[in-house]
Amino acid sequence: MSGPLHQFEVKPLINTPMTIGGYDFYFTNSSLFMVLAVLVSVLFVRFGMRSKSLIPGRMQSMVELTHDMVANLMKENIGDEGKKYFPFIFTLFIFVLFGNLLGMVPYGFTFTSHIIVTFALAFFIFVTVTIIAFVKHGTHFFRFFLPEGIPFYIIPIFVPIEIISYFTRPISLSVRLFANMLAGHTLIKVMAIFTISMGALGILPLLFNTLMIGFEIFVAVLQAYIFTLLSCLYLNDAVHMH
Amino acid sequence: MDLAAAKMIGAGLAMIGVAGAGIGLGMLFSSFVNGVSRNPSAAPHVRVMTMVGFAVIEAMGLFALIIALVLLFVM
């Protein structure tokens, strides 16, 4: 019987690598599920919006609800200046959401349960937000680490803390998503192993697992929401300096 | 004490951190129930904020879990 961490194994699906610039690139199950997440999200939006009726049907209202949820989130947290970043944040939300949800499909692979995937996403957000802040405010951006009106004697403590907290943003953003996905899926697999090894009493972990699957779907949506919300807050810091 | 035993003990000790997340979640949901029972009409708005707080606090417990998993399986 394979262990609870066996599900996170990345293995190549095509054994002949593409060699680009001396590096070997394999098409793995992780890349397959990333492609699937993109395909499913494109199909979801295109298929939902194909009728474009004034009174939405079931699929269309699902797409519209998702759109309005992200649009409201951006309006509340960034304001009107945030409108031009809507495609970026919406793409991010949909990609993370479908990545999390595809992992809940049996035999599926959760690519967001790998720290390198979430770290790449979070680092990209961090770099983008920093560039936006520099373009908008220039060198005035450095005032971010030294807000006006703080007493001079706490400056030596305050400024390093602000700088450290700014640079740990991509780490905390990526580890939060990765740890939630890893812990949830590991717990489900541990309970599944109990079901097999406990014999007739295995019905108890099976019942628990049924509840856990529902909870994990809730966590998948919630973590995609949190990831988007925190990206919005970082973008807000970049657009309006505090 | 050999290395394997030390790893197991370390992983067990790392899980003490989850107690903090437990206390945090208890405080979060107790104040959620308090707030909603005082003003039930505010429930939808407060629930959204509670869920955001839940995810942020839960992540703290999971950081401890990741340390334990790294001790057990990676190093």
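Chain B has 3 helices and 0 strands, its elements running α-α-α from the N terminus on; helices (H or I, at least four residues) and strands (E, at least two) are DSSP runs, numbered from the N terminus. The model is a predicted one, in which local features need pLDDT of at least 70, side-chain atom pairs count only at pLDDT 80 or more, and totals for chains, interfaces and linings use all residues. Residues are numbered from 1 along each chain as its sequence is written, while chains are lettered from A and ligands numbered from 1 in the order in which they are written.

The C-alpha atoms of chain B fill a box of roughly 60 × 15 × 10 Å along the principal axes. Of the 75 residues of chain B, 8% count as buried (20 or more other C-beta atoms, placed from the backbone, within 10 Å of the residue's own).

Now to the meeting of the two chains. The contact takes 10 residues from chain A and 10 residues from chain B, where two residues are in contact if their C-beta atoms, placed from the backbone, lie within 7 Å. On the side of chain A that touches chain B, α6(A) gives the most, with 5 residues.

The axes of α6(A) and helix α3 (residues 43-74) of chain B come within 9 Å and cross at roughly 70°; axes are lines fitted to C-alpha atoms, for helices over the stretch in contact, and angles run from 0 to 180 degrees between N-to-C directions. The two helices, α6(A) and α3(B), are therefore roughly perpendicular to each other (65 to 115 degrees). Here A:Val175 and A:Arg176 are among the residues of α6(A) that meet α3(B), whose residues include B:Glu58 and B:Phe63.

Key
Parallel < 35°, antiparallel > 145°, perpendicular 65-115°, else oblique. Buried ≥ 20, exposed ≤ 12 C-beta atoms within 10 Å, placed from the backbone.
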